[in-house]
Each structure stands twice: as structure tokens, then as C-alpha cells.
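Me: I'd like to learn how to read a protein model feature by feature. Could you walk me through one?

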Amino acid sequence: MSGRYLNVTDQNVAILSKYKVIVFDCDGVVWIHEDPIPGSTTAIRDLKKSGKKTHFVTNLSASKRTDLQKKFIRLGYDVAVDEISTSASTTASVMIKDGFKGKMAYIVGEKGLAAELEAVGIKTCGHDHDSNLPKVNHHEFLQEKMSPETVDAVVVGMDWGASYRKVAKAAIYVQKGAKFYATNSDKSSPTSSGLALPAAGSLSTIPISIISRTEPILVGKPTPQILLDIMSSHNYQPSTVLMVGDRLDTDILFGISAGVDTLLVLSGNTTSQQVRETPVDKQPTYVADSIDIFNKMMRGSVVGSKL
């Protein structure tokens, strides 16, 4: 494989000193569903103790960052809310910069997405009321009065209750001029059985885009917006940041697009064979079995040294 495979050598231990900031994807890197990756709790704890800044990013939009923090704590990680960035929280940040404070957004998504927008002063509708209405067909929908009649933006994330009414309303709002944001473009979600399930892209984003003939403003991985937002907020230089992920098509491309070095771990969705088959320009900088490599590299360094 083209990405440099990391093991414990003096040269590889020295690599760690290059980076002041380590950004982790979550599922497949820190944990798998409800199970911590072996060695991950100590790796993150000791990276922090050594002076590294840590951040955690996810394309998930259904949960609030405070809910994700509770999961971190439950699984044994000491992580603060401001270390967590989701596609929902970054969408809220982008929309504020675009002037949507105090304006109305129609949500095709869960309460967590609406909560992140409301936390920064963006009004929301749709996620609660329209989720509880009975299903309609084409003709019944046309007889309904649009409520509200217009909105300023449509924001799409994972919606477990996605329906004809929600997709139709969102598409109409966009056709009427509402700005169209999507938390991510994920078409499918992998499962432990190897079978794929629908994700936000296939359920809502793509249909709304096709119907309205409008491309959304994408915020989540692999677009670099989340990472650019982190670096801008904390004045990090790209050369000091290492992005750690388990997927070539999202995490690694995300890091490359933001101009930072990347570490692919094989603890999640990618095999070494897939790395070898990836074009050179989309290869990770480094490859390791899991983030337990940080434990091995830190033990390989001089005790008490600043990594």
C-alpha cells in the first residue's frame, strides 16, 4: 500500500511530534457502535496528557453534541462538548455565517439537527409537526395548505420518519427560493452484518435535489467544511493537524480536501487491499491497524518527553 504503514520504530515515534492536533472520526475509529476500539481510551487520554489537542468529528446529524458527549463518557472517554463537531453543528455554523440567524428553516431530519440550529438562533419547523401526520398520496398532498407557506432554508439530515409529505414540502420550498443545505451526502449506512441500509443522501437529499433541480450546499464529510471550521475556530495550521479515519471515501478524502495529513486505521470499514487499489492522490499519508498505534508510539518515546 502507498500509505506508510506505522509500527513502533524510532522514526515512526518521531512522526507524532509533527502534529499538535489529532482529529478523530468516531465509529470505526474510536468505537464500533457501543464497543470501544481496544486501546482507544488510553490512547486518547494519554494524547491529551502529552499536550495534544483532540477533536472528534462525525457525519451524524440526528444527535445533539451533548448526547454524543454522554456516549463518550459512558464508554470511558473524557471528552468535552466543544471537542465534538457534527455535520449538524457545522451546518448551523455555516448558516449563521450565511445570515440565517432569526430566519426559518424547514427540517427534514431529527430533533438533534433542529436543536443545533435553534441553539445558534435559527428558527425551525417540520421535524416535529410533519413527522406525526398521517401519510398522504399525491392527490391528497396537493389539497393540503403549505404550512408555513414559505421558509428561508431547507436543511436535510438523517430522518427516521422521512415521508412523501416531507420530501415534497422540502422540494417545493427549494423551488420557491429557499436555500438548500444537506448535512451529508451519505447514500448508505454499513452494518455489522455487511448489509447496507439507507442514509440521508438516498432517503431525502438526492430526491429533493432531483425534484427541485437544485444541488444542496453540502457540509459533512468528504467536503472539508467541518475540518476547516475547526481549524479556523482554533487558529490551527494545516501542517500541525492529523486526521484519523477508517473510510477512504469520506474520512481520508475529507482530510486531503482540507490540506492536512491523514491516518487510515483498519479497525473499521477499509481493508489493506482497498488501500492498495486506491489512486495515489486519494491515498492516506499513514496506515495503521487501529488508534492503539498511538499507545505503542508513546511508549516507544522517551518517558516524560513532550510528544
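Reply: Let's start with what a helix axis is: a line fitted to C-alpha atoms, for helices over the stretch in contact, with angles running from 0 to 180 degrees between N-to-C directions. Helices (H or I, at least four residues) and strands (E, at least two) are DSSP runs numbered from the N terminus. This is a predicted model, where local features need pLDDT of at least 70, side-chain atom pairs count only at pLDDT 80 or more, and totals for chains, interfaces and linings use all residues. Residues are numbered from 1 along each chain as its sequence is written, and side-chain values use heavy atoms, with hydrogens and water left out.

Me: At what angle do the axes of α9 and α10 cross?

Reply: They cross at roughly 50°, and the axes come within 8 Å; α9 spans residues 225–234 and α10 spans residues 248–258. For the wording, angles under 35 degrees count as roughly parallel, over 145 as roughly antiparallel, 65 to 115 as roughly perpendicular and the rest as oblique. α9 and α10 are therefore oblique to each other.

Me: Is the crossing of α9 and α10 left-handed or right-handed?

Reply: A crossing is left-handed if the near helix is turned anticlockwise from the far one by less than a right angle, and right-handed if clockwise. The α9 and α10 crossing is right-handed. Contact means heavy atoms within 4.5 Å, and here I226, L227, L228 and M231 of α9 make it with F254, G255 and A258 of α10. To sort such residues by class, Ala, Val, Leu, Ile, Met, Phe, Trp, Tyr, Cys and Pro count as nonpolar, Asp, Glu, Lys and Arg as charged, and the others, Gly among them, as polar. The contact of α9 with α10 has 6 nonpolar, 1 polar and no charged residues.

Me: Which residues of α4 meet α9?

Reply: S87, T90, S93, V94 and K97 in α4 meet Q225, I226 and D229 in α9. By class, that contact has 2 nonpolar, 4 polar and 2 charged residues. As for geometry, the axes of α4 and α9 come within 10 Å and cross at roughly 70°. That makes α4 roughly perpendicular to α9, and the crossing is left-handed.

Me: What is the volume of the second largest pocket?

Reply: About 310 Å³. Of its 19 lining residues, R65, I84, S85, S89 and D229 are the closest to the centre. The elements giving two or more residues to the lining are α3 (65–74), β6 (84–86), α4 (87–97), α5 (111–119) and α9. By class, the lining has 6 nonpolar, 8 polar and 5 charged residues.

Me: Where is P148, which a cis peptide bond joins to S147?

Reply: P148 sits in the loop between α6 (138–143) and β9 (153–156), and omega for its bond with S147 is about -5°. The peptide bond from K221 to P222 is also cis, with omega near 10°, and P222 lies in the loop between β13 (217–218) and α9.

How values were computed: On a 1 Å grid over the protein atoms alone, a cavity is a set of points where a 1.4 Å probe fits but cannot get out, and a pocket is an open set with protein on both sides within 12 Å along at least five of seven lines; lining residues have an atom within 4 Å of a point. Grid points are joined across faces, edges and corners, and a volume is the space filled by probe spheres set on the points.
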